[in-house]
Amino acid sequence: MKKSNTTLYRARKNTVNVLIHILLAVLCTIWVLPIAWIVLISFKAKDGPYMDTLIPAEFTIDNYVKLFTDTGVLNFPRMFMNTLIISIFTCIISAFFVLAVSYCMSRMRFRMRKPMMNIALILGMFPSFMSMVAVYYILKAIGLSEGSLIRVALVLVYSGGAGLGFYIAKGFFDTIPKTIDEAAYIDGATRFQVFTRITIPLSRPIIVYTLLQAFMSPWLDFVFAKVICRADARYYTVSIGLWNMLEKEYVHQWFNCFTAGAVIISIPISILFMITQNFYREGVSGAVKG
Amino acid sequence: MKRKKSKEFANPYSVSNAFRNGDTLTRLSAVIMGLGNLAHKQIIKGLIFLAIEIAYIVFMATKGIELLLDFIRLGGEEEIEIYNESLGIYQYQPGDNSLLMLLYGVVAIFVTIGFVVVWRASIKSAYKTQCYIEKGKKPLSFRDDIRGLFDQNLHQLLLSLPLAGILIFTILPLVFMIAMAFTNYSKIDNHLTLFDWVGLKNFATVLNFKDSIGGTFWSVLGWTLVWAVAATFSNYFLGMILAMIINRKGTKLKSLWRFMFMLSVAVPQFVSLLLMRTMFSQNGIVNNLLIKYGLIENALPFWSDASWARVMVIIINLWIGIPFTILQITGILQNIPADLYEAARVDGAGPVTIFFKITLPYMLFVTSPYLITTFTNNVNNFNVIYLLSGGAPTPVGSTAGKTDLLVTWLYKLTIDNQYYNVGAVIGIMTFAVLAVVSLITYHRTGSYKNEEGFQ
């Protein structure tokens, strides 16, 4: 009696396991299919978004070649370089801003600290591009809305408010034991020395995380870039370019190139993303173990 | 608790103390900034204060007053045509531009506030020097001040640049936009170059059920809330269940499953969203395949029917959001104390009971800050709506579509329709909705109350 009960139980457990694995397989297909499809189309031979089969009939690398050589209408290589330059500067400036602010909020004690943290929280609740039009006019008033200064304008837009995103790095600094700092003060170190010689070297994961996060934002944003570049195609970033490829006048010749471009910028971003995730986990779990 | 905090940062060198206990020199510093410092041989510091005062007065006298007056009047002269007799042609004499007047006015106000801050600092500094002398101590030299910036006043040094950035690129534009909400800056009645203050009229328009914009506002607000709740909780629960399925003991190849889901996170969101839009469009691959295999006769109206579009954005948002949820939640799930589960199992609880009595309460307790952030992000989820449906389907004559959120509507109002004032009101309303939700919940979370728990 007892034995048959356990076999019954085991049989039920096995069916549950099998069902769950089937469910997972189905769900994974749903999640992977669109991505696989992007890759497939980027090698498709015939132009245009119209398809009635999942797998294209012919394969070619012409889409990639066209993307980098056909620079008459949509100059992808230049957009790529624009975005690269902008993101390098953005990433340096905003990483400095974020680290400076989060160190102060975590380690220094001054009267305006709590009010500032609350203000940061409140500012975060306004839709970010509500002020977009205003930002454009401010940049215009400073004289940064024309010509190659558009790049400077975009760098400033992406990094200007970066100091507000201090919460994650502050959480990290909070986990570094204060006793380390205090030992350094006793040895006669100034706060600046503690910041540069102790806190920064201990914070490698969170610094990498901040750097990568800031590096990625110009590649992903298209709203601000569109408003600030207006019609000046010379300073378009990759995301505006990809967006334009799906506009009505371009979509027939450029749909395959859109997917090719998507694949090309997805590869570095996914690598960066995986690195960030590792650092993020490391960062959240604390700087000094034990 | 509050009182202790204010005592912690009690400053003997405050402005009120300076006026109460200061000598003539200190009090005179309120008029001639830096006087107290100069008299006590803090030459550089005193000169800096003095220079700032002179610069401010010159600025106000030459431009500032005019800018502030313009800010109040917002200009009224239109562009006019003048016949130039010597050249024999018509010339345009430029009129006023209210927008620039508004912007420069806001800047002048910011400059004034900044000056008040410096003014207070100069009085404090003069009083501090006076106290030092009275106590027989040597007043701080300029070098001491610089050294202090790297030590006990490090925050002033480190925060100056980031704060300047936030001030110029976040707060200034925000104040500018909020000011716009009280004007008639809009394409309606052609107020794009010249506009005026109208008080709370725009708020009345937006909140009025009967007005066409007001009616749209309430329906968009309703959908925004439905969307935010549906998107937040569907992602949260389905993501949690999926994370639990992957984590459970019997599941093989855990890291493979996780990797497959994570793959979609790595693709830039706007790429996958634009692709989804194409896939589900009228002639997209999904419709084509379904027709080809005879499952349907006519193309399904994914984006052209209101109910279809609303369900679609929520479903596709699941595709986007669930991997993020798994990422965030897996770690927390593994931290649930195992003895809780064991005790429940000994008491004969089934998996369903365990989920509702242990896992869910625990998760809701720990992840409430995460839920608030997700809710906020969903209310402001511009990308998913704008890139997927673009707010479609849009009823004829309306500025907002059936799937438009407040943020996408704001974008359309300002960029496409140039109703800047109404757009600004919508932005303020969005903020109000979020502020109410977060203020109620945020201050109760542990990470806010107990931030020094690990230090």
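This is a short talk about how two chains meet in one structure, and about a few places inside them.

Hi everyone, and thanks for coming. Before anything else: this is a predicted model, where local features need pLDDT of at least 70, side-chain atom pairs count only at pLDDT 80 or more, and totals for chains, interfaces and linings use all residues. Residues are numbered from 1 along each chain as its sequence is written, chains are lettered from A and ligands numbered from 1 in the order in which they are written, and side-chain values use heavy atoms, with hydrogens and water left out.

Let's start with the interface. On the chain A side, 93 residues are in contact with 91 residues of chain B; contact here means heavy atoms within 4.5 Å. How much area do chain A and chain B bury between them? The value is about 8400 Å², and 78% of it is on carbon and sulfur atoms. Buried area is the accessible area (1.4 Å probe) that two parts lose on being put together, summed over both. In chain A, the residues that lose the most area to chain B are Trp31(A), Met125(A) and Met130(A), together 10% of what that side buries.

Which helix gives the largest share of the side of chain A that touches chain B? That is helix α1 (residues 2-42) of chain A, with 16 residues. A word on helices: they are DSSP runs (H or I, at least four residues), numbered from the N terminus. By class, this side of chain A has 66 nonpolar, 16 polar and 11 charged residues. Ala, Val, Leu, Ile, Met, Phe, Trp, Tyr, Cys and Pro count as nonpolar, Asp, Glu, Lys and Arg as charged, and the others, Gly among them, as polar.

Now, salt bridges. The rule asks for a side-chain nitrogen of Lys or Arg within 4 Å of a carboxyl oxygen of Asp or Glu. Across the interface of chain A and chain B it finds zero, while the count over all chains is seven. One salt bridge joins the side chains of Asp174(A) and Lys170(A), at 2.8 Å, N to O. Both residues lie in helix α7 (residues 167-175) of chain A, four residues apart, about one turn of the helix.

Helix α5 (residues 132-142) of chain A and helix α6 (residues 98-134) of chain B have axes 11 Å apart, at an angle of about 85°. Axes are lines fitted to C-alpha atoms, for helices over the stretch in contact, and angles run from 0 to 180 degrees between N-to-C directions. That makes α5(A) roughly perpendicular to α6(B), a word used for 65 to 115 degrees. Tyr137(A), Ile138(A) and Ala141(A) of α5(A) meet Leu99(B), Leu103(B) and Tyr104(B) of α6(B). Those residues divide into six nonpolar, no polar and no charged.

Inside chain B, the axes of helix α16 (residues 351-366) and helix α17 (residues 368-379) come within 4 Å and cross at roughly 65°. These two helices of chain B are therefore roughly perpendicular to each other. Leu364(B), Phe365(B) and Val366(B) of α16(B) make the contact with Ser368(B), Pro369(B) and Leu371(B) of α17(B).

Last stop: Phe215(A), in helix α10 (residues 204-220) of chain A. What does Phe215(A) touch, not counting residues up to four places away in sequence? Its partners are Leu84(A), Ser87(A), Ile88(A), Cys91(A) and Leu272(A). Phe215(A) and Leu272(A) are 57 residues apart along the chain, and their C-alpha atoms are separated by 9.3 Å.

Notes. Parallel < 35°, antiparallel > 145°, perpendicular 65-115°, else oblique.
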